[in-house]
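This briefing concerns a single protein chain and is intended to be read alongside its sequence and coordinates. The points that follow are grouped by topic.

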Amino acid sequence: MQLARGLISQAPTSAGRSSQHAWERTSVQLAAATQRRRPRPAGPMTQSRRGFPTGPDMISLDTIRARQPRWLLRNDAFRAIPPEDLGPADLDELASPSVVTDPAKVLSVFRKHVEQDTPELAVLIRAFTQLGFLFDPNSFFSSADRQILRSHKDFRRLAHDLTKARNEIPEAAAPVLLYSMACLDYRCAPLLPQLLSAAETNVKEWRTDVLSLLLHSVVSLGIFGKDPVVFELLGGQASKDFRGLAEVLARELGERAGAWSAAGASGEDGVSSQDWARAAFSMVTADILDLTATPPGGVETAILPLLVSKACEGIEDVETLDNSGWAQFFLYQTIYCVDVLKPQCEEPVKRAVPMWMQERLHERWLNDIVLLAQPQGADNMQRDVDAAFRRTNTQALLNCSVGREWDEQHCWFAGFLLEPKVAVECDSLLPLKPGEPLASGWLQLKSRLLRKMGYQVVTLHSCFWDKLSEDQKDEQIVRLRRAVGYQHDHRREKELKKIRQTPHTYKGVERKKSDWTTLPSPPADNETSSDPRAPTPPPA
């Protein structure tokens, strides 16, 4: 390429026949340099008998680059954007060991990727799902960490870019994207309709373990219930109603479980007890405990006992039960919720779990199951509400276990517990549309259980709470106290020792009272004072 550039610079200075030969040599050298990179079509006007161009050709990107210094290529307006190897390189970086476990590095890779030019869809999906998997129930990140991530500008940009490309997202990516949203407690209203429609359209095509994951994700995001679940799209239009999607997924699972039970088959390969137990608990969460299904050639049967029975089939002994992971949590919570809510299928569900399994779950519940299943760390909204309770001198127990009076051990924890029997919960999910909040599936199930146990339940939504000032928040707490009939325990207030507000120091080292007074101003030149620390008199 340097030789071709040199010959081009000499061609205009020659004359006559030598000029013609120089121009031909220039064309031959330039063609030889560019022909390796881009094949040219053969034609009578551009090809000679020797098989290479002998005359000037159309200007291309290669010829322009050949005439530019290397330092100008950094700001080349004709540069091919993006490079062909940009996507695979970023995907490899996302899969590297140093990035795959660090949310900050995942966002950093995404930020560098979008700075190049239009982001690739594969990188967007990979980055979003990788963030979701980092915050799954097995992680040690707290609820506050999720909230910090959701408020980060790079994460919002990632969600925005995914929403812009929602029509290009393959349907096979819908389950992992929905599960990532459930792990992050993030309800992206403009993107969800596209993913939910893909989940509903291919309900017959999904594998059984994917169906279980879809049902869990949809229910965790609170997309169920008797009221319409309609999202507001980007153009101001309304999406279809998705409140019946959980029932569609549960019926498909029930039909498959019923058909395999009737045929005496174990089911698909790769479906574990955890998948069936997760689906059963999702039905409890969605309040569709008595939903029925009719397998092909069978009779109408309740779905929940079938799913519980399939979950217990793969557990043969105590060792397998102890190592079954989240299946223990889902099974015990399903039995407990059925015992509290009293659906029509209560007895079949309890009979589907062998007694030795129930006893073992009961023995290991507090120390080995629920302790590991509870969210770790603090919640930003919960801390803000707790500060409002303290400012208004409201006695509230934080994350207090609740249950029936005759329960040997509790299975649920209230966000705040006030007297008499008032539970206050905090919902940080985004609303369906401005002014229409919808609590998560976990909070909806907890509210039903606590009301069944005789508690009053109050849910505070972050979409309203975050817009209030400190004085307005305190006023809302005072109104809440009047509405629920709050009772203050003065005896308990006297028994509680006040927290020390000053640091503890050794005797003789503490600061003296005189040290807190302001030092006097120095005396003027024409003033004399016996005490240099005496304050100066005020001016007349």
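The model is a predicted one.

**Overall composition**

- The chain contains 24 helices and 6 strands.
- Of its 540 residues, 44% are buried.
- Among contacts in the chain with a separation of 6 or more, 71% are between residues 24 or more positions apart.

**The four-stranded sheet**

- Four strands form an open sheet in the order β3-β4-β5-β6, and their pairing is mixed.
- Because β3 (397-402) and β6 are at the edges and each has a single partner strand, one side of each lacks a neighbour in the sheet.
- From one strand to the next, the twist averages 45°.
- Strand β4 (residues 412-418) runs antiparallel to β5, and 3 bridges join the two; Leu 417 is placed opposite Ala 423 of β5.
- Helix α20 (residues 380-391) packs on this sheet and touches β3, β4, β5 and β6, with its direction at about 25° to that of β4.

- Strands β5 (residues 422-427) and β6 (residues 456-461) run parallel and are joined by 6 bridges.
- Val 422 has Gln 456 of β6 as its bridge partner.
- Together with helix α21 (residues 441-452), β5 and β6 make a right-handed β-α-β unit.

**Packing of α14 against α17**

- Helix α14 (residues 273-285) and helix α17 (residues 326-341) have axes that come within 8 Å and cross at roughly 35°.
- The crossing of α14 past α17 is left-handed.
- On the α14 side, the contact is made by Ser 273, Gln 274, Ala 277, Arg 278, Ala 280, Phe 281 and Val 284; α17 contributes Trp 326, Ala 327, Phe 330, Leu 331, Gln 333, Thr 334 and Cys 337.
- Classified by residue type, this contact of α14 with α17 comprises 9 nonpolar, 4 polar and 1 charged residues.

**Asp 474 in helix α23**

- Asp 474 lies in helix α23 (residues 470-484).
- Asp 474 counts as buried because its relative accessibility is 16%, and buried means under 20%.
- Apart from neighbours within four places in sequence, Asp 474 is in contact with Ala 388, Arg 391 and Thr 392.

Key:
Residues numbered from 1 in each chain as written. Predicted model: local features only at pLDDT ≥ 70, side-chain atom pairs only at ≥ 80, totals over all residues. Heavy atoms only, no water. Axes fitted to C-alpha atoms, helices over the stretch in contact; angles between N-to-C directions. Left-handed = near helix turned anticlockwise from the far one by under 90°. Contact = heavy atoms within 4.5 Å. Nonpolar A, V, L, I, M, F, W, Y, C, P; charged D, E, K, R; others polar. Pairing = 2+ DSSP bridges. Right-handed = clockwise from strand over helix to strand, strands pointing away. Buried < 20%, exposed > 50% of the residue type's maximum accessible area, 1.4 Å probe, protein only.
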